[in-house]
Amino acid sequence: MSENTCLEKQPLSQEMLDKIDAYWRAATICQPVSFIFWIIR
Amino acid sequence: MKEPLTMDHIKKKIVGHWGTVPGQNFVYVHCNRVIKRYDLDMILLSGPGHGGNFMIANTYLEGSYSEIYPNISQDEEGMKKMFKQFSFPCGVPSHCAPETPGSINEGGELGYSIAHAFGAVFDNPDLIATVIVGDGEAETGPLATSWQSNKFLNPITDGAVLPVLNLNGYKISNPTIFSRISHEEIESYFVGCGWEPIFVEGDDPMTMHKLMAEAMDKAVEKIKAIQENARKNNDPERPKWPMIVLRTPKGWTGPKVVDGQQIEGSFRAHQVPITMEKPEEHLALLKQWLESYHPEELFDEKGTLIPELAELAPKGDARMGANPHANGGLLMKDLRLPDFREYGIEVDPGKTKAQDMIELGGYIRDIFVLNKESKNFRIFGPDESMSNRLYKVFEAENRDWNADLLDSDDCLARNGRIMDGMLSEHMCEGWLEGYLLTGRHGFFASYEAFIRVVDSMAAQHAKWLKVCNQLTWRRPIASLNFILTSNVWQQDHNGFTHQDPGFLDHIANKKADVVRMYLPPDTNCLLSCFDHCVKSKNYVNAIVASKHPSYQWLNMEQAVKHCTQGVGIWEWASNDEGQEPDIVMACCGDTPTLETMAAVTILRDELPELKIRVVNVVDLFKLESNHKHPHGLSDSEYNAIFTKDKPVIFAFHGYPTLIHELTYRRDNQNVSVHGYQEEGTITTPFDMRVQNEIDRFNLVKDAIMHLPQLDNRGSYLIQKMNDKLVEHKQYIAEYGQDLEEVRDWEWHTQDNK
């Protein structure tokens, strides 16, 4: 990915923050599921 | 979430530690951003211990987990397996265990994360080790002192450690101290420890993302500026390194209230916040909790993270789960080693005296010289390298020190490789473990008694290695080597507090695949043992060595043979060749060897018809069965040395119970072990042995009493030994030193007096 298109290399933007939050939610939802679910159909 | 939740979906036993994971996920994703933004080489250490599945989840999302474990694929099928295996029988542990890609700090036992991180960045100038420090962990002794590690970091030749102290406010059921003191107190504390704290505090996710992104940018840019200035201007002076104080609610984004009790932001978020004891009500809460993350926006129909988010993760080895520094064996290069035989000394057995540790120091000095370019060898010790007689290493290297320097200092330098400037066994051990885990070499030289301070750390490392041995993707790393000197038997001016040989008992109980113990009786044997240990991989090696002037027994050729075999009959000291021995005089350790040899001279002088076999043990695990330890002798090999039934008078360096434990299934149970009996004080070296009945006079008495065939012929010799013991006590009380016949004793036979 070039310097121009890599979002991380740009000044901090709302798009970046939204994506960070979404990625964080994706990681975080894995925890309760790991604790609690023994199978997902 | 494709169908209504029912209790059929729920694990029968719900386990996990939720409280810490949102904060750790938060740090991981922000690390990902700065790795890409600044093209960083970064690893992450998780100090809080529990919540290891945060690292599994993040390495799974970035793809590194599935590369190592293809069954945990990045789709619905793999996801199911990942969820089921967590904290589940035949699954994976709940901490950042060796099974977790990217981890070098399991965190089950708290307190070692920052020390491991510093060990990782020593001699790794381009590496940043980000460390999530739990606020519970921060209350442990090792973690509390590890903030001082910044006084040993060289901004030119070392990398950087970026601590992120995650104040989520609670431990298991108590608040944490850092969370209940003021912002100003926290700031003053860390400024006082030489850090520049950056605060990120709040609970609104989007506000916090912005604050954290800015804090990470500030911290990384500060680190880069420090390093650029230091490297451009050859300025190794200690800077104020940045750190982040991240205050977030415990169990952030989890259920707010369950059964009328606050969960998020309280100690009740520590483990699983919803227990499913009220199925209908709790299933609804669970559904609400999971839906709050909007998984339908994050994963596609196949259960794969959507591309727009997947692209946020770094690529290749830049992913923290794939960083080769966290699988140090991938980067490890063998040391260049001099030929240890060239450092051996000439020996007239039982007459020559030398200081084993001084001679070993010459060999280690030249390891430094040969590996100067590689910069992959350091030695560690709590201000004891000089005391432990490693004088010669200072001919090649200095002590590392990055606090103020005075003209009167000795051998301190900004780029030293002798890490003995901090009087903390915890830091020495933690730094060394971090250094080894990232693919380098070293050893820890300690007073024998005070290695007990890190018993538990050594045990944790042994557990780590035991698991690594079962993981083909974890490449072997250099062994964790301990040299235990300033040992129990000579503490002329230190006394009882410095007398504890129990580390051997501790190590003896660890997994046989991992642990080794060596007790070389003299210089040439020490050189041979050390050379073996420093070349070995994936072991915990404990060497017990003498530092005081002591008797020498074997020339180098004999020493190599003896140490290679680990145990053997000293035929030149025995007189039973070709016959059944009447008695076996066995010894293990430098002082027990001396007293056994002295006892043998008395027995051979007084009872020349007695057939005596002298056996010396270097490799302690030789005594254990080969069914229990890979070094163990078979029963037939053991019987060939110790006989099936002849009395064995065994003088041992440590506690006698260890010898009984190692030999309890052998045929020959006619063994009388002499060892440390927890008797001691400030006294003469020989009196220490008398107090613990490991001295030559008590050994002779015991030998006679195990030989009923002597009848009354032994009685006068027993009387003579008793008289000697009284004479000894009177002499040391009068003169403060040992009897002349003890001080000037030399090995002899009747033919060679």
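**View 1. The interface between chain A and chain B.** In this predicted model, 34 residues of chain A meet 60 residues of chain B in the contact. About 4,600 Å² is buried between chain A and chain B, and carbon and sulfur atoms contribute 70% of that area.

**View 2. Polar and charged pairing across the interface of chain A and chain B.** Four salt bridges are found between the two chains. One salt bridge joins the side chains of A:Lys9 and B:Asp39, with an N to O distance of 2.9 Å. Residue pairs in polar contact between chain A and chain B, with both residues at pLDDT 80 or more, number 13. The side of chain A that touches chain B comprises 22 nonpolar, five polar and seven charged residues.

**View 3. The largest nonpolar core.** This core holds 174 residues, of which B:Ile244, B:Trp431, B:Leu620, B:Phe642, B:Phe650 and B:Phe652 touch the most other members. Helix α1 of chain A (residues 14–36) supplies the largest share of the core, namely twelve residues. In soluble globular proteins, nonpolar side chains tend to be buried together.

View 4. Neighbours within four places in sequence being set aside, B:Leu620 contacts B:Met517, B:Leu519, B:Cys588, B:Phe652, B:Leu658, B:Ile659 and B:Leu662.

Notes. Residues are numbered from 1 along each chain as its sequence is written. Chains are lettered from A and ligands numbered from 1 in the order in which they are written. Side-chain values use heavy atoms; hydrogens and water are left out. Contact means heavy atoms within 4.5 Å. Buried area is the accessible area (1.4 Å probe) that two parts lose on being put together, summed over both. A polar contact is a pair of N or O atoms within 3.5 Å; within protein, one must be able to donate a hydrogen and the other to accept it, and residues adjacent in sequence count only if both atoms are side-chain atoms. Ala, Val, Leu, Ile, Met, Phe, Trp, Tyr, Cys and Pro count as nonpolar, Asp, Glu, Lys and Arg as charged, and the others, Gly among them, as polar. A nonpolar core is a set of buried Ala, Val, Leu, Ile, Met, Phe, Trp, Tyr and Cys residues joined through side-chain atoms within 4.5 Å. Buried means under 20% relative accessible area, exposed over 50%, partly exposed in between (1.4 Å probe, protein chains only). Helices (H or I, at least four residues) and strands (E, at least two) are DSSP runs, numbered from the N terminus.
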